[in-house]
Amino acid sequence: MSNRVFSFVQKFNIVSNSSSEDLILKFSLILLVLDGTTGWGLDIFLRIICVLMLAFNQYTSNKFLWLLIACLLLFFNGLQFYNIDNHKILFVYWILLLTVYMWTNKDMDYIRSNSKLLIGLVMFFAAFQKLINEFTMPGFLHGCFLFDSRFMLITHFMIDTPYQELINNRNSTAILNLIPINNSSVSLTSSTYMGTILYAFQIFGLIFEGLVAMLFLFSKRKSVIKDIALIMFCIGTYFIFPVIGFSSILLILGIAQANAKFRKYYIFTFVLLQFIMVPWQELIFYFQNSL
């Protein structure tokens, strides 16, 4: 039985058309292994398939396995469409695009043009969504930096507030979420200039996000200005807002549409951003208190 299954799957093995295609497929498989999907059962099954495809080069470009991965992602993520993270939806689009590429024998221009368009649309709608949700109003980032545990280290150094007071901020807002009372409020430790700095950063980030969108939607494919802008955006944004999944898929899309000479910078940034998973906050405060 197992021999029949392997024989059936092997019929769909194809040789990669180029090293660029092989690189794109392998990075997409790596992200599937690292980020997974939406449930432990599917995670285990997909990771086994993806690891085997990475381990044995003849299966990296197997059309049947890519179709199987696309169908599984589409079905299971579709069941939880309104609950899953945005980057998982984006990744489903990307896997579907790769699957169409594998089964229709299109050339690499199909991958390059569509990944460039996908980046532009994602960045455009991200900026548009912020605009219609009043992201331009002061206070959004200010509030996040006062009670979100991910930003306590930065807040501590910006306003020299004792770490314990920031923990108190977080606990106070958590109580409001657990026991909602009409017209209830809490006082958070802050400073005026911190709000000004963060509002400036908030507006600059929105403008830069829109700029990246316009560059990818309207600049020429061979232009590296858009690539420099995207890499700067990923480093500047995701080292502060540690969203590893979204940054990784953006960089894989960047690798797919970039020219061969510039891909190494995307790959370096992809590797660099994996370090945002390190608990820098805990490490710094641990060494501060132990010295």
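**Helix packing and burial in a predicted model**

In helix α2, the residues S20, E21, D22, I24, L25, F27, S28, L29, L31 and L32 are buried. Buried means under 20% relative accessible area, exposed means over 50%, and partly exposed lies in between, with a 1.4 Å probe and protein chains only. Helices are DSSP runs of H or I with at least four residues, strands are runs of E with at least two, and both are numbered from the N terminus. The model is predicted: local features need pLDDT of at least 70, side-chain atom pairs count only at pLDDT 80 or more, and totals for chains, interfaces and linings use all residues. Residues are numbered from 1 along each chain as its sequence is written, and side-chain values use heavy atoms, with hydrogens and water left out.

The protein chain holds 15 helices and 0 strands. Of its 291 residues, 42% count as buried. Contact means heavy atoms within 4.5 Å. Among contacts in the chain with a separation of 6 or more, 71% come from residues 24 or more positions apart.

Helix α2 has 17 residues. From first C-alpha to last, α2 reaches 24 Å, close to the 24 Å expected at 1.5 Å a residue. The expected span is 1.5 Å times one less than the number of residues. S20 lies in α2. It counts as buried because its relative accessibility is 13%. Leaving aside neighbours within four places in sequence, S20 is in contact with M108 and R263.

Helix α2 (residues 19-35) packs with α6 at an angle of about 145°, with the axes 12 Å apart. Axes are lines fitted to C-alpha atoms, for helices over the stretch in contact, and angles run from 0 to 180 degrees between N-to-C directions. The crossing of α2 and α6 is left-handed. A crossing is left-handed if the near helix is turned anticlockwise from the far one by less than a right angle, and right-handed if clockwise. On the α2 side, the contact uses E21, I24, L25, S28, L31, L32 and D35. They meet H87, K88, F91, W94, I95, L98, Y101 and M102 in α6. The residues of this contact divide into 10 nonpolar, 2 polar and 3 charged. Ala, Val, Leu, Ile, Met, Phe, Trp, Tyr, Cys and Pro count as nonpolar, Asp, Glu, Lys and Arg as charged, and the others, Gly among them, as polar.

Helix α6 (residues 86-104) also packs with helix α13 (residues 244-257). Here the angle is about 25° and the axes are 8 Å apart. The two helices are therefore roughly parallel to each other. Angles under 35 degrees count as roughly parallel, over 145 as roughly antiparallel, 65 to 115 as roughly perpendicular and the rest as oblique. The crossing of α6 past α13 is left-handed. N86, H87, L90, F91 and W94 of α6 make the contact with G245, F246, I249, I252, L253 and A256 of α13. These residues divide into 8 nonpolar, 3 polar and no charged.

L250 lies in α13. Its relative accessibility is 0%, so L250 counts as buried. Not counting residues up to four places away in sequence, L250 touches I119, M123, L230, C234 and Y238.

T60 is found in helix α4 (residues 57-60). T60 counts as buried because its relative accessibility is 0%. Beyond neighbours within four places in sequence, T60 is in contact with D22, L25, K26, L29, M53 and W66.
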